[in-house]
Amino acid sequence: MKLSDFPNDIKDRLIPEARGDMVYTCLGCGATFGISRLLYVCPDCGHVLMLSDTTPERITEVPGALWRKILDYRKMLTIPALKGIYRYHEFIGPVVPLSSVVYLGEGHTPVVEANARLKEHVGIRFFYKNDGQNPSASFKDRGMASALSYINFLIQEGHVSDVLAICASTGDTSAAAALYAAYLQPHIKSAVILPSKKVTPQQLSQPLGSGARVFEIPGVFDDCMKVVETLSSRYPVALLNSKNAWRILGQESFSYEIAQDFEYQMADKVVVVPIGNAGNITAVMSGFIKFFEAGIIDALPRIIGVQSSHANPVYRYYLEPDKDKRTFVPVNVKPSVAQAAMIGNPVSMPRVINRVERYNALSGGKNVFVVEVSEQDIMDFELIANRNGHIACTQGGESLAGLAVAVSRGLVDKTATAIVDSTAHALKFSGFQDMYFEDRFPAEYAITPKPELINHPTLICPSDLTRVPTADQPLSGRDLADYVDRISLEIAGLLGLEKK
């Protein structure tokens, strides 16, 4: 669609220009720092940082109704930089020019409504938002598109060169980081650090395929994160974990898309996300807060964060009702099928605390809740969801199990509509499905397969067949006819089919 065809009142705002100023703000001491260099923690006190626009009037001077019109018409543009998360350029990275934006097809993942059977099972109307349909098959691409676009901008401006991007990962972060870094070669190279034997083969293959240097070390994700933090503090590397505040900005697009997909009507909505390293739930809250303060939405949806009982430090923190008595205590994680959420010391915990307080204040009361689910329920709900037409990963099973808990505890109104986050594609975690079907989970997972959810292939090769085809010796004539008839008869019998 040509720009001349758009309404006059939005033409000058439809294609955003890089403008304004952004700063890092420390959540510990409150100090602010410019963005011309890569920062991950406060140079003064070591606390995590948040990014903010120092010219917020650029947003508030535009009425909410006009913003909605701008964003809805922006959908029609064919400019690659505005097809992804930067459709919301003014809210994500207003200082990044469109010429620096890296777009690989991320964002605007589908929301798929659950069928009547699944809604009845859970007790509420809900949709899955399938973030596994991002380029590297997980939600991490949202943050990487933001972080790498910013780094690309710094390279183009001459602030940095020959960047080595590095991250710790349980799988999805490494896949996304390696993919986006590969696109920006030769200016950026990537390295990832993974916990040995704790990443699925599918996830391990992704950074290897993108050409990253992959290092496996003993321990769990938290140990990998400590190594990456040490490397980024001692050497000139670009840290791409969610400790990087640009990652959080990109992941805010999840909220913006939900708001837009549901016509900006958030009063009766519930958004359910797994917590993991706590960057995603931070971003989800931040995104809705920005849209609310801009008048784009007139209510904040309820947020349900979910943790497995095998990795539940945030859940434990919020068990204390008195915020003045809460103390965050990291936990030692146990094996979890929701591997991306198997984190005992989330780096974004200070951000979560900050955003929850702000979110609840703007909501006029408690509107963020954290629930705990079992490993058994994570697997069962993943399988039940996928048996009803979805492609949920284990984290998607965790989210759906969390919604069921929230419904049973009365934390959400049964007349509400929920949007459930499936953070990755089911195929990344197919090994856990195989373990379930074959009943070979180690005892520490505490998962017992339910017979009604187990599925196996059935080999059909009747013993009375004298000849069967092979790749190098296909059948023909009477032999082929006999083979087809005999196999068809056997399958029809097992399926209980009757002849026409």
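Predicted model: local features only at pLDDT ≥ 70, side-chain atom pairs only at ≥ 80, totals over all residues.
Let me begin with strand 10, which covers residues 269-274 and is mostly covered, since 6 of its 6 residues are buried. In a regular strand the side chains alternate between the two faces of the sheet. In strand 10, Lys269, Val271 and Val273 point one way, while Val270, Val272 and Pro274 point the other way, and all of them are buried.

Strand 10 has partners that we can look at in turn. With strand 13, residues 417-422, strand 10 runs parallel and is joined by 4 bridges, and within that pairing Val270 has Ala418 as its bridge partner. With strand 11, residues 302-308, the pairing is again in the parallel sense and extends over 5 bridges, with Val306 of strand 11 as the bridge partner of Pro274. If you follow the chain from strand 10 through helix 12 to strand 11, you trace a right-handed β-α-β unit.

Just after helix 16 comes Gly410, which takes a positive phi of about 75°.

That leaves the empty spaces. Rolling a probe the size of a water molecule over the atoms shows where empty space is left. The largest pocket holds about 560 Å³ of space, and of the 27 residues that line it, Leu51, Ser52, Asp53, Lys290 and Glu293 lie nearest its centre. Several elements each supply at least two residues of this lining, among them strand 3 (49-53), helix 12 (279-293) and helix 14 (349-363). By class, the pocket lining divides into 14 nonpolar, 5 polar and 8 charged residues.

How many cavities of 30 Å³ or more does a search of the whole structure find? The search finds 1, with about 230 Å³ of space in the largest cavity. Its lining has 23 residues, and those nearest the centre are Phe139, Lys140, Gly276, Asn277 and Ala340. Helix 10 and helix 12 are the elements that give two or more residues to that lining, which by class has 9 nonpolar, 12 polar and 2 charged residues.

Key: Residues numbered from 1 in each chain as written. Heavy atoms only, no water. 1 Å grid on protein atoms, 1.4 Å probe; cavity = no way out; pocket = protein on both sides within 12 Å on 5 of 7 lines; lining within 4 Å. Points joined across faces, edges and corners; volume = space filled by probe spheres on them. Nonpolar A, V, L, I, M, F, W, Y, C, P; charged D, E, K, R; others polar. Buried < 20%, exposed > 50% of the residue type's maximum accessible area, 1.4 Å probe, protein only. Pairing = 2+ DSSP bridges. Right-handed = clockwise from strand over helix to strand, strands pointing away.
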